[in-house]
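Have a look at the picture below, and then we will walk through it strand by strand.

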Amino acid sequence: MKIAVLGGGNGSFAAAGDFALSGHEVRLWRRDADQVAAHRAAGSRILVNDHNGRHDVKLALVTTDIAEAAGGAELVLCPAPAFAQSDIARLLAPHLQDGQVVFLPPATFGSMIFAQAGRDAGNRAEVSFAETGTLPWLTRKHGPFEVAITIRAKRLPVGVFPLDQAPHALEVIGRAFPGVIEPCGDALSGALMNAGPIIHPPLIVMNAGPIEHFDRWDIHKEGTQASIRRVTDALDAERMAVREALGYGAPHFPLAHHYAKEGEIWMYGRGSHDRLTDSGDWRERIVLTEHRYMREDLRLGLSLLVSVAGLAGVPTPLASAFLAIGGAICGEDFAHDGRTLKTLALDDFSKAELQKLLRKGFGS
């Protein structure tokens with residue numbers, strides 16, 4: 001199938017390389033003209049390293065022209081960080097075409113941002129928008145055009161906007177990710193599957209001292225201790241309580257299953273935590289005020305959770321506390337300036353009105 005991949009980070013290169021490895025026609029778009037020129041000069045190739053070895057794959061197109069990348073693509077995949085979504089959505093919006101599916105893995109309710117951008121651009125094409133709970137690859141770039149894939153997702157819970165278009169969207173996404181897609185309802189359900197705002201805020205806030213002391217620190221190895229895991233589970237309980245209050249049923253993909261040796265398999269499958277820490281790729285320099293764990297998962301992810309919890313009538317003391325502490329670290333008001341129902345222009349909706357919008361789309 002024809003797939004457009006948007007962005008130039010770890011997830012985008014893993015997506016482009018892995019899709020090309022699977023035989024799809026892949027167009028990669030990124031804004032950095034110098035990097036695009038260098039990539040083209042290198043043959044538009046990506047070197048993919050995984051447990052089966054090293055694979056040299058060629059992309060159909062590497063471009064700075066988003067219309068060229070997205071034109072005729074059945075699937076448009078954008079794994080860029082949530083804080084980049086508004087700009088990318090505005091660039092993409094005029095070029096969306098009937099039948100296309102825009103997939104954001106994960107998105108922090110970014111599917112609504114992309115859908116709103118299309119509406120605001122006056123584009124009336126019938127497009128589906130979807131998001132899931134995690135990036136489909138545990139991955140890090142090892143060079144300008146080389147990426148290591150440590151693990152591929154085994155289960156991806158996917159929510160779709162508008163929900164009435166879910167059969168088509170899930171069929172298209174399923175061809176790109178055969179055997180791993182699991183419908184979880186509407187786009188807000190998909191947003192509330194996002195693991196990033198649950199796993200990363202406790203790890204960066206409760207390890208702030210060593211993160212700032214050492215040149216490199218692995219939050220998933222030395223930073224994942226029993227006391228922090230207990231806090232993570234409690235934070236995850238708040239997320240699942242919000243899901244239940246909004247009528248979203250199980251499975252909720254509790255993060256505890258990521259660490260478990262037995263029981264229900266989580267998104268990355270059994271043993272993924274050990275493989276992640278054994279790789280050494282997550283021993284990295286983290287600048288707390290700049291890293292996406294803070295700017296995306298804490299600032300945007302937890303502000304969304306707290307905001308939606310208010311609509312659902314569910315207390316979220318831990319999410320609110322991490323939001324306040326993260327804001328203090330950065331000298332900002334994350335609860336006010338993050339991603340909320342208000343910043344998404346959805347704060348005037350009742351729960352029933354929001355659910356109708358999520359099912360029917362803007363035409364409702």
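How many residues lie between β3 and β4 in their hairpin? There are two residues between β3 and β4. Keep in mind as you read that this is a predicted model.

**The sheet as a whole**
- Four strands make up an open sheet, in the order β4-β3-β10-β9.
- The pairing in this sheet is mixed.
- β4 (53-58) and β9 (137-143) each have a single partner strand because they stand at the edges, so one side of each is left without a neighbour in the sheet.
- On average, neighbouring strands of the sheet are turned by 25° against each other, with direction ignored.

- β3 and β4 run antiparallel, and six bridges join them.
- If you look for Leu 47, you will find it opposite Asp 56 in β4.

**The β9 and β10 pair**
- β9 pairs with β10 (residues 146-152) in the antiparallel sense, over six bridges.
- Here Gly 143 stands opposite Glu 146, a residue of β10.

**Helices at the sheet**
- Helix α1 (residues 10-21) packs on the sheet, where it touches β3 (45-50), β4, β9 and β10.
- The direction of α1 makes about 100° with that of β9.
- Helix α12 (residues 272-279) lies across β9 and β10.
- α12 runs at about 155° to β10.

Key
Residues are numbered from 1 along each chain as its sequence is written. This is a predicted model: local features need pLDDT of at least 70, side-chain atom pairs count only at pLDDT 80 or more; totals for chains, interfaces and linings use all residues. Side-chain values use heavy atoms; hydrogens and water are left out. Two strands pair if DSSP finds at least two bridges between them. Axes are lines fitted to C-alpha atoms, for helices over the stretch in contact, and angles run from 0 to 180 degrees between N-to-C directions. Contact means heavy atoms within 4.5 Å.
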